Amino acid sequence: MTGRFAFRFMKGSLTQKLKQMASPVANPRHYCSSSSSSSSSSAKPKLSQSSRKERLLAGAAIGVVGGAYASTLDKETFSGWLFTATKALNPMFALLDPEVAHRLAISAAARGWVPREKRPDQQILGLEVWGRRFSNPIGLAAGFDKNAEAVEGLLGLGFGFVEVGSVTPIPQEGNPKPRMFRLRNEGAIINRCGFNGEGIVAVAERLDTQNSKRKPKKTSTSSNDEVKHGQGILGVNIGKNKTSEDAAADYVQGVHALSQYADYLVINVSSPNTPGLRKLQGRNQLKDLVQKVKAARDEMEWGKVGPPPLLVKIAPDLSKQDLEDIAVVALDLHLDGLIISNTTISRPEAVERNPVSEEGGGLSGKPLFNLSNDILKDMYVLTKGKIPLVGCGGVSSGEDAYKKIRAGATLVQLYTAFAYGGPALIPQIKAELAGCLERDGFKSIYDAVGADCR
């Protein structure tokens, strides 16, 4: 609680400070230090007593998190400092129950108590997928913002895209608590939440309110056009209710209620925490489901932008035959993409000695990386590189993201690493990814996609 209010105070004080300095008489590059007193007083506007107090208060606030007070009109520099400052605050969340920490993180993002990225992404990271312009390929996976409460704040952190959900037709509590468990040393989390959420009506109302702030991200006429952070790509992940007897009807309801707000739609048939859900990955079941969902989407009226692309999110715990069946369905029905993968019910050797690994539920984080990457490579080969794949599972660095891309991913998602690393991880991953591409001589993301499968 103390850290939250300290951050609010620090951000408010410094934001007000920047506004004051934006007046015409202010020096555009003014640095405050103990040596500044030797400068000629005639060259500076006199400060009121209240201005002096604000400087002192702002300096004290930064001192709380170990910073050094500096004022600047450079919004990019200030933005970078705020991201760095979160490194001091983020460990406080580790002292809280995982679900409480998650709830506080969502509340902070929804209220704008998180940094906002002002630095443009490097050009090498930009790409176009499904006719949409992504400023970078790094996205936030579904499960973090289940109820679309913090879309603007999360996009503002610098993600190229954010996926909300999974959203079910009817609100449901999910599985009994506790249902989230940290494996800190392994960089992993086990959850068995079970699609807890507020349902499609509440999410649709929330997205409708937010929609006026966002525009469809169709391909720009100029490759140099920038997509501002906070106006990025929004994915909507839909699921079924636990007690539903007609899964297809649940997904169709989700399409009818939410697709108008989505830049892309995801059918989640791979969560291990909803009984019977993964059976929908079978060849016949998946084919029937995708056909019904596509029909529901296509029967709606769409303007020039057209309907949102349709993706399916699959599990990492699949046999070779399962993967072949999914690839056939994806190609035959012209799916727009696959997300690979969801959490795993297996317990890799890296976590076996941790007593927490005995908890039921899906495992995410670093131990999932190799397993999900193997599935990613297999699916890239099976689909012959014809379908955009989204690599998800165990990404915690730019090098990890790069490996996903080389394994066949056009886009990459993370969740667990973000929960541990906080906002500062996002610009770090993007910078590292750009470095990896340049190091190996790639001119763009496209050039690196599937490089390890050729």
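**Ground rules.** I number residues from 1 along each chain as its sequence is written, and side-chain values use heavy atoms, with hydrogens and water left out. Because I'm on a predicted model, local features need pLDDT of at least 70 and side-chain atom pairs count only at pLDDT 80 or more, while totals for chains, interfaces and linings use all residues.

**Overview.** I looked up the secondary structure and got 14 helices and 13 strands (DSSP runs numbered from the N terminus: helices are H or I, at least four residues; strands are E, at least two). Of the 454 residues, 54% are buried (under 20% relative accessible area, 1.4 Å probe, protein chains only; exposed is over 50%, partly exposed in between).

**The barrel.** Which strands make up the closed barrel? I traced eight, β3-β4-β7-β8-β9-β10-β12-β13, with parallel pairing (two strands pair if DSSP finds at least two bridges between them). Neighbouring strands of this sheet are turned by 25° against each other on average, direction ignored (axes are lines fitted to C-alpha atoms, for helices over the stretch in contact; angles run from 0 to 180 degrees between N-to-C directions). Helix α7, residues 247-258, packs on the sheet and touches β4, β7 and β8 (contact means heavy atoms within 4.5 Å). The direction of α7 makes about 150° with that of β7. I also checked β10 and β12: three bridges join these parallel strands, and I339 has V390 as its bridge partner in β12.

**Helix α11.** Is this helix mostly covered or mostly open? It is mostly covered, with seven of the nine residues in 398-406 buried. Among them are G398, Y402 and I405. The buried residues of α11 pack against several elements, including β3, β12 and β13. Just after α11, G408 takes a positive phi of about 130°.

**Aromatic rings.** I counted eight aromatic pairs (rings of Phe, Tyr and Trp, its six-membered ring, with centres within 6.5 Å; planes under 30 degrees apart are stacked, over 60 edge-to-face, the rest tilted). F134 and F161 have ring centres 5.5 Å apart and planes at 80°, so I logged the pair as edge-to-face. F134 lies in β2 and F161 in β4, so the pair ties together parts that are 27 residues apart in sequence. F161 also pairs edge-to-face with Y264, at 6.3 Å centre to centre and 65° between the planes. Y264 lies in β8, so this pair with F161 of β4 ties together parts 103 residues apart in sequence. Both F161 and Y264 are buried.
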